[in-house]
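Please open the structure in the viewer and keep the sequence beside it.

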Amino acid sequence: MNVIHRIEHWGDTHHPAWLDMVRIGLGVLLFVKGISFISDTTHLSQLVGGLHFDLYSVMAVHYVAFAHIFGGFLIAMGCLTRLACLFQLPILLFAVFFVNLRMGFSYLNSELWLSVLTLLLVIVFTVAGSGKFSMDEWMKTHDR
């Protein structure tokens with residue numbers, strides 16, 4: 001049994017039920033954030049474009065919006081939670097360290113704190129998994 005399987009097993013056996021509500025809230029937050037990115041792509045393009053990644057800015061905007069919408073839905077449903085969280089990690093690391101940290105490390109920068117909290121929760125669910133009230137668990141118990 002390698003390290004990844006041991007971490008997955010530990011996450012599956014040490015998952016309280018209230019953490020499922022937090023997972024659903026995180027998924028809804030990411031989904032809504034993805035919708036807001038689609039509805040205001042100029043703001044997201046300015047954030048990414050201000051970092052002088054001109055060649056990749058359009059591709060990055062579409063990746064962020066798609067990953068937040070689709071990943072948020074999967075996380076909220078508890079379907080492929082670890083994989084969906086892994087797709088969120090580069091976005092959130094970039095958001096915390098390159099985008100929001102430029103605006104200052106103060107309590108007034110709410111986007112930074114939201115990004116940090118979301119990053120921490122995504123790391124937790126990458127390790128802990130989806131939990132008892134999830135599509136993953138339902139598919140395990142209703143396997144034919």
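Is Phe66 buried or exposed? Select Phe66: this residue is exposed, with a relative accessible area of 56%. Exposed here means over 50% relative accessible area, buried under 20%, and partly exposed in between, with a 1.4 Å probe and protein chains only.

The model is a predicted one, in which local features need pLDDT of at least 70 and side-chain atom pairs pLDDT 80 or more, while totals for chains, interfaces and linings use all residues. Residues are numbered from 1 along each chain as its sequence is written, and side-chain values use heavy atoms, without hydrogens and water.

Now display the two rings. The structure holds one aromatic pair. The ring centres of Phe66 and Phe70 are 5.6 Å apart and the planes stand at 10 degrees, so the pair is stacked. Rings of Phe, Tyr and Trp (its six-membered ring) pair if their centres lie within 6.5 Å; planes under 30 degrees apart count as stacked, over 60 as edge-to-face and the rest as tilted.

Finally, select the whole protein chain. Seven helices and zero strands are present, where helices are DSSP runs of H or I with at least four residues and strands are E runs of at least two, numbered from the N terminus. Of the 144 residues in the protein chain, 37% are buried.
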